[in-house]
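Thanks for taking a look at this one with me. Here are my notes, point by point, to read alongside the model.

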Amino acid sequence: MAKSALTIGAYQARSVIASAQRCVNLYLEANPQGSVFPFTHYPTPGLTLKSNVPAISWRGLYSASNNQLYGVCGNIVYAISSSFVCTVIGTITSYAGPVSMVDNTVDLILVEGFRSEAFAKIELHRPSLKQVLLYPNDSNIIALASDSVIDVPANLPLLDLNQPAEIAAFILHTFLKL
């Protein structure tokens with residue numbers, strides 16, 4: 001998906017609450033020459049209806065490397081033609097929250113925010129990213145995969161994130177008893 005950086009000032013505000021807002025569906029208007037911020041961003045719902053689907057909340061849109069547009073609205077995944085005809089190509093489990101997509105010219109990978117559901121999970125953790133470990137607060141995490149040695153409880157397997165065969169063997173042994 002082609003990404004466009006918002007110009008300076010898009011997330012700057014005196015209020016933390018205002019600074020933390022997502023910039024979605026903004027209309028860009030140029031400010032006079034020499035202004036502190038070159039553009040002002042105005043919220044707009046859009047002016048022209050291009051397509052209509054049963055759900056009301058688009059959770060993600062993605063323009064793939066083959067110029068095909070994909071979108072998720074509610075729990076339905078659509079392929080969207082250049083004339084904005086939405087064709088259902090599948091469904092996902094959740095109905096809310098952002099959805100991210102990426103492709104490699106052959107496959108489209110769709111990731112939804114499903115981590116709060118109660119199912120067995122392997123937490124992936126890279127200490128260099130300085131993120132908080134999730135396993136202390138999620139009893140559904142059955143293993144931790146990391147690129148560093150981490151001190152974990154004895155009953156939580158620690159897998160090497162750089163050894164996919166080790167992770168695959170753990171999954172096969174745990175779920176398929178192979």
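1. Let's begin at the hairpin of β4 and β5, where 2 residues sit between the strands and Gly74 has a positive phi near 65°. Strand β4 covers residues 69–73 and strand β5 residues 76–80; they run antiparallel and are joined by 5 bridges. Leu69 has Ile80 of β5 as its bridge partner, and Gly71 has Tyr78. Strands here are DSSP runs of E with at least two residues, helices are runs of H or I with at least four, and both are numbered from the N terminus. Two strands count as paired if DSSP finds at least two bridges between them.

2. A word on what you are looking at. This is a predicted model, in which local features need pLDDT of at least 70 and side-chain atom pairs count only at pLDDT 80 or more, while totals for chains, interfaces and linings use all residues. Residues are numbered from 1 along each chain as its sequence is written, and side-chain values use heavy atoms, with hydrogens and water left out.

3. Of the 5 residues in β4, 4 are buried, so the strand is mostly covered; buried means under 20% relative accessible area, exposed over 50%, and partly exposed in between, using a 1.4 Å probe and protein chains only.

4. Put together, these strands belong to an open sheet of 4 strands in the order β3-β4-β5-β6, with antiparallel pairing. β3 (58–63) and β6 (86–91) stand at the edges with a single partner strand each, so one side of each has no neighbour in the sheet. From one strand to the next, the twist averages 25°; the axes behind this angle are lines fitted to C-alpha atoms (for helices over the stretch in contact), and angles run from 0 to 180 degrees between N-to-C directions.

5. Further along is a hairpin made by β7 and β8, with 4 residues between the strands and a positive phi of about 80° at Thr105 in the turn. β7 and strand β8 (residues 108–112) pair in the antiparallel sense over 5 bridges, and Met101 stands opposite Leu110 in β8. In a regular strand, side chains alternate between the two faces of the sheet. Which residues of β7 (residues 99–103) are on the covered face, and which on the uncovered one? Val99, Met101 and Asp103 are on the covered face, and Ser100 and Val102 on the uncovered one.

6. How many salt bridges are there? The count comes to 2, where a salt bridge is a side-chain nitrogen of Lys or Arg within 4 Å of a carboxyl oxygen of Asp or Glu. One joins Lys121 to Asp138, with the closest N and O atoms 2.8 Å apart. Lys121 lies in strand β9 (residues 121–125) and Asp138 in the loop between β9 and β10 (141–146), so the pair ties together parts 17 residues apart in sequence. Both Lys121 and Asp138 are buried.

7. In the other salt bridge, the side chains of Arg126 and Asp147 meet at 3.1 Å, N to O. Arg126 is in the loop between β9 and β10 and Asp147 in the loop between β10 and β11 (158–160), 21 residues apart. Arg126 is partly exposed, with a relative accessible area of 36%, and Asp147 is partly exposed at 29%.

8. Do have a look at Leu156, in the loop between β10 and β11. Leu156 counts as buried at 9% relative accessibility. Leaving aside neighbours within four places in sequence, Leu156 is in contact (heavy atoms within 4.5 Å) with Tyr135, Ile141, Ile142, Ala143 and Leu144.

9. Lastly, the overall layout: the protein chain has 2 helices and 11 strands, running α-β-β-β-β-β-β-β-β-β-β-β-α from the N terminus on. Buried residues make up 23% of the 178 residues.
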